[in-house]
Amino acid sequence: MQRPSRFLAALFLAATGWSATVSAQPAATPAPAPTAATAPAAAAPAGGIQSANIFEVKPDASADPKYAQQTNGERAKVQPGNNAPMWRQVGSGVTGYSSLPKSEAPEAGNLIQPFVRYPGSLLTNAGEAWRQVRNNWLIPYGGALLLIVVGAIALFYFGKGRINLHGAETGRKIERFTPFERSAHWANAIAFCILAISGLIMAFGKFFLLPVMGLTLFGWLTYLLKNMHNFAGPLFAVSLVIVFFTFVRDNMPSRGDIGWLLKGGGLLSGKEVPSHRFNAGEKLVFWGGVFFLGIIVVASGLVLDKLIPGLIYVRDTMQVAHMVHAVATVLMMAMFIGHIYIGTIGMQGAYDGMKTGYVDETWAREHHEYWYDDVKAGKIPAQRSEPAPPSQTVQA
Ligand code: HEM
């Protein structure tokens with residue numbers, strides 16, 4: 001017959017697959033002889049669950065100098081039902097025995113993860129350490145960075161305004177992006193927007209949406225967005241690879257890039273520095289955002305989606321993948337907020353290039369002078385895709 005607390009603990013451990021400490025302890029000796037207060041319990045029919053009042057069983061046992069070092073079995077002798085030693089071990093991250101196969105349930109024997117110190121956390125159980133990194137660093141500083149970027153762009157926009165063309169449009173067009181290039185770009189951009197919006201709401205929505213829409217609606221919304229995020233991720237990964245190979249050639253470093261960077265592209269002076277098809281700012285976004293951050297974001301995202309074969313998906317794998325993913329995606333979003341701004345309201349004519357595939361010669365000359373010169377010299381065809389849409393006037 002088991003005493004109730006041991007019985008409950010065993011039941012709990014069996015349910016969670018954790019059974020080491022109790023089974024490792026020597027069996028508890030029978031409870032002391034019943035006192036007057038416990039007599040009714042002793043009279044209970046054999047086989048039934050007995051209760052023991054812990055305050056009436058050796059209440060001064062804690063005076064023993066070795067009290068804190070007792071195993072669960074030793075504690076049970078002096079204070080039946082007091083399972084503190086077992087729970088202390090559970091809390092310190094001990095891994096016990098589980099009959100479940102390691103390959104299918106690698107963490108079944110471990111209820112609480114062992115101690116670890118993640119960058120920015122205290123030395124504590126890994127789950128708590130991850131929570132500290134997320135809540136004390138990723139959320140406040142990640143959110144602040146994005147707000148600062150949006151604020152800086154807003155200041156620039158309202159202070160200096162849109163980058164307009166200086167000369168009049170000629171009406172003569174140059175093909176800047178082929179239909180294939182635009183399809184690759186937009187597939188990637190649409191996936192990015194789904195990921196960015198769903199990711200931002202999952203991370204920060206509870207601060208600005210939850211108070212407005214309430215728990216039920218917010219729960220459903222984040223559930224929907226989380227699933228959209230998981231599905232858009234692989235689409236983003238594939239389209240990012242296509243975007244990389246589509247644009248890598250014209251993003252190779254070239255003459256004038258350093259000068260362009262040193263002068264900030266002439267953004268503040270108002271006199272744009274000449275560049276080839278893509279300027280050094282675009283090349284920075286390409287190599288920093290598409291290539292470098294792209295690899296980290298996609299790799300960590302695929303881990304979080306559990307799509308990388310052969311990996312063992314335990315809690316610390318997911319914690320590390322999550323922290324890496326959060327840092328890289330915030331940096332990527334910060335970069336692409338700038339890209340999206342310039343590509344839409346920030347620069348006259350830029351969006352038309354990606355929408356229709358064609359830009360005016362004046363736009364080409366003012367923003368990518370070396371590229372324009374090469375087109376005029378016939379080194380780069382002004383019309384690259386076939387057949388040319390009849391509505392486009394093409395001049396080399
Ligand atoms: C709504 C979101 C987006 C908008 C409105 C947008 C807009 C544009 C525009 C207008 C251009 C043409 C720039 C030029 O003519 O020089 C462009 C180029 C480009 N975009 Fe986007 N874009 C968006 C999202 C993205 C995303 C998410 C990525 C990649 C992760 C991306 C990667 C590129 C690349 C690689 C180029 C070619 C120029 C370069 O290599 O820097 N875009 N985009």
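Student: Which residues of the largest nonpolar core touch the most other members?
Tutor: This is a predicted model. Its largest nonpolar core has 28 residues. Those that touch the most other members are Phe 192, Leu 195, Phe 236 and Met 332.

Student: Which element gives the largest share of this core?
Tutor: H6, H7, helix H8 (210-247), H10 and H11 give two or more residues each. The largest share is eight residues. That share comes from H11.

Student: Which residues is Phe 236 in contact with, leaving aside its neighbours within four places in sequence?
Tutor: Contact here means C-beta atoms within 7 Å. With the neighbours within four places set aside, the partners of Phe 236 are Asn 188, Ala 191, Phe 192 and Leu 195.

Student: How far does H11 reach from its first C-alpha to its last?
Tutor: Helix H11 spans residues 315-346, which makes 32 residues. At 1.5 Å a residue, 46 Å is expected. The reach in the model is close to that, at 43 Å.

Student: Which helices are included in what covers the buried residues of H11?
Tutor: The buried residues of H11 include Gln 319, His 325, Met 332 and Phe 336. Their cover includes helix H6 (126-160), helix H7 (179-208) and helix H10 (280-304).

Definitions and conventions: Residues are numbered from 1 along each chain as its sequence is written. This is a predicted model: local features need pLDDT of at least 70, side-chain atom pairs count only at pLDDT 80 or more; totals for chains, interfaces and linings use all residues. Helices (H or I, at least four residues) and strands (E, at least two) are DSSP runs, numbered from the N terminus. The expected span of a helix is 1.5 Å times one less than its number of residues. A residue is buried if 20 or more other C-beta atoms lie within 10 Å of its own, exposed if 12 or fewer, and partly exposed in between; C-beta atoms are placed from the backbone. Two residues are in contact if their C-beta atoms, placed from the backbone, lie within 7 Å. A nonpolar core is a set of buried Ala, Val, Leu, Ile, Met, Phe, Trp, Tyr and Cys residues joined through C-beta atoms within 7 Å.
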